Amino acid sequence: MSSIDRSQSVGGTRTYEVRTYGCQMNVHDSERLAGLLEDAGYVRAPEGSDGDADVVVFNTCAVRENADNKLYGNLGHLAPKKASRPGMQIAVGGCLAQKDRDTIVKRAPWVDVVFGTHNIGKLPVLLERARVQEEAQVEIAESLEAFPSTLPTRRESAYAAWVSISVGCNNTCTFCIVPALRGKEKDRRPGDILAEIEALVAEGVSEITLLGQNVNAYGSDIGDREAFSKLLRACGKIDGLERVRFTSPHPRDFTDDVIAAMAETPNVMPQLHMPLQSGSDTVLKAMRRSYRQERYLGIIEKVRAAIPHAAISTDIIVGFPGETEEDFEQTLHVVREARFAQAFTFQYSKRPGTPAAEMEGQIPKKVVQERYERLVALQEEISWEENKKQVGRTLELMVAEGEGRKDDTTRRLSGRAPDNRLVHFAKPEQEVRPGDVVTVEITYAAPHHLLAEGPVLDVRRTRAGDAWEKRNSEKAAKAAQPAGVMLGLPKIGVPEPLPAATSGCGCD
């Protein structure tokens, strides 16, 4: 998200920019921050202005070792801009703010507001208080004040939406600081979740992604061990909801009733992102992961038996403290056996405040890098082989917005298959809008995408495409208005679906 110069502000209305780092939870929280600011009268600044907004908000992540360096580097870049622009404000929220609290203002005294993961709804009030009192406001709630989904949201897509079903996590993985920052798991009532989904579908959304720190543990807070599978089946009864996804589940909570619900509910997509982290039982024990290699591969086998065309992706950490060459070979073994469509691989980095950061046996960087390169090479080979199996298949794609970086120059469009594989296809003569559905035949496979080079076999215009068209016509009408006339921004939609996993933190 970007900003405009104060001289460009329409009718004196203050502009805002939100910069987001980290996982899908942060992406969705940023939609709420944008909704709160627009509810308070701010206007989103256009793309490409690089920090020239009246309010710049950083929604931070704390799970990587250099997260704070990235934040303070960006804050330092904004310091001279703020000094030259009286009235400009900078706010820092998210996991790093929850973790570092007063440290942020000490290291960057030009920051106006620091808020945590539990009180994002206070941002407009804190900005106003900082303006009136002319001093930094630091407010960190220790527990959730209100479920974030009750807050106004400015969704980024007209056709696909995140829907949070829980916040927090009850696990104690030794490499992850998220539970300490997001708190214990708190579940939403099923009726509230379904009501939100139905409202989104009424606005034109046709794909939703159920979101949670440990999404398939849903129900532990409300005392129903089968609540997640029941929720999936309930989503299958919502008219107009074409695609249901979820991320990220934990192998510990991946039960047979969930597999059955995925297989038996037509709009639950044949896609699963399930973090592995390591294939070694010894390392999994040190990570405090409550499953072992045999259990993990058993889940993969059951999913493939029930959903033969399922695309399975994962997260893997290389170089966890104490990892031996034999341990790493066990990870490679699981990768060969599971045949993931995609793997998000991470070199272990210390998360200050986690038990793993203090463990003996920290692996030298050179060794970690060498193992990482071997893992990536193996997964690239498997991804390509698995994608080649798609050649000749006829697939329905939901047309995506902004997924194909070369689409403009190649005169092609891009979309997501039911299993979330990215497919680039030849642009048909008939108008096709993001959210519409096309049928294509796959002709070529690369490790990270597929091509449908022949003519599009069918185009189905959808309510989601209508919603996208309406949103863009409203934006065009707003842009054509003379200065000083504010029409506001539409509230429909959310971000286009991210690639299958993008957990970013490897903490699930």
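Here is a short exchange about a predicted model.

Colleague: What should I know about the model before reading residue numbers and contacts?
Modeller: Residues count from 1 along each chain as its sequence is written, and side-chain values use heavy atoms, leaving out hydrogens and water. The model is predicted: local features need pLDDT of at least 70, side-chain atom pairs count only at pLDDT 80 or more, and totals for chains, interfaces and linings use all residues.

Colleague: How many residues of strand 16 are buried?
Modeller: Strands are DSSP runs of E, at least two residues, and helices are runs of H or I, at least four, numbered from the N terminus. Buried means under 20% relative accessible area, exposed over 50%, partly exposed in between (1.4 Å probe, protein chains only). Strand 16 covers residues 412–416. Its buried count is 5 of 5.

Colleague: Which residues of strand 16 point the other way from R412, S414 and R416?
Modeller: In a regular strand the side chains alternate between the two faces of the sheet. R412, S414 and R416 share one direction. The other direction belongs to L413 and G415.

Colleague: Which residue in strand 17 is the bridge partner of L413?
Modeller: Two strands pair if DSSP finds at least two bridges between them. Strand 16 pairs with strand 17 (residues 422–426) in the antiparallel sense, over 5 bridges. The partner of L413 there is F425.

Colleague: Which residue stands opposite R416?
Modeller: Look at strand 15, residues 394–399. Strand 15 and strand 16 are antiparallel, with 2 bridges. Opposite R416 stands M398.

Colleague: Is N420 buried or exposed, and what is its relative accessible area?
Modeller: N420 is in the loop between strand 16 and strand 17. Its phi is positive, near 75 degrees, and N420 is not glycine. Most residues other than glycine have a negative phi, and most peptide bonds are trans. N420 is buried, at a relative accessible area of 3%.

Colleague: What is the relative accessible area of E134, and is E134 buried or exposed?
Modeller: E134 lies in the loop between helix 5 (123–133) and strand 6 (137–139). Its phi is also positive, near 55 degrees. E134 is exposed, with a relative accessible area of 72%.

Colleague: Which peptide bond is cis, and what is its omega?
Modeller: The cis bond joins T247 and S248. S248 sits in the loop between strand 11 and helix 9. The omega is about -10 degrees.

Colleague: Which helices and strands do the buried residues of helix 9 pack against?
Modeller: Helix 9 spans residues 256–264, and its buried residues are D257, V258, I259, A261 and M262. Contact means heavy atoms within 4.5 Å. The packing partners are helix 8 (227–235), strand 11 (243–247), strand 12 (271–273) and helix 11 (293–306).

Colleague: Where is C169, and what is its relative accessible area?
Modeller: UniProt, in an unreviewed entry, places a "binding site" at C169, C173 and C176. Such annotations may be inferred rather than shown by experiment; positions follow the numbering used here, and feature names are shortened. C169 is in the loop between strand 8 (166–167) and helix 6 (178–182). C169 is buried, at 6%.

Colleague: Which cysteine sulfur is nearest to that of C169, and how far away is it?
Modeller: A disulfide is a pair of cysteine sulfur atoms within 2.5 Å. The structure holds 0 disulfides. C169 is in none, and the nearest cysteine sulfur is that of C173, at 6.5 Å.
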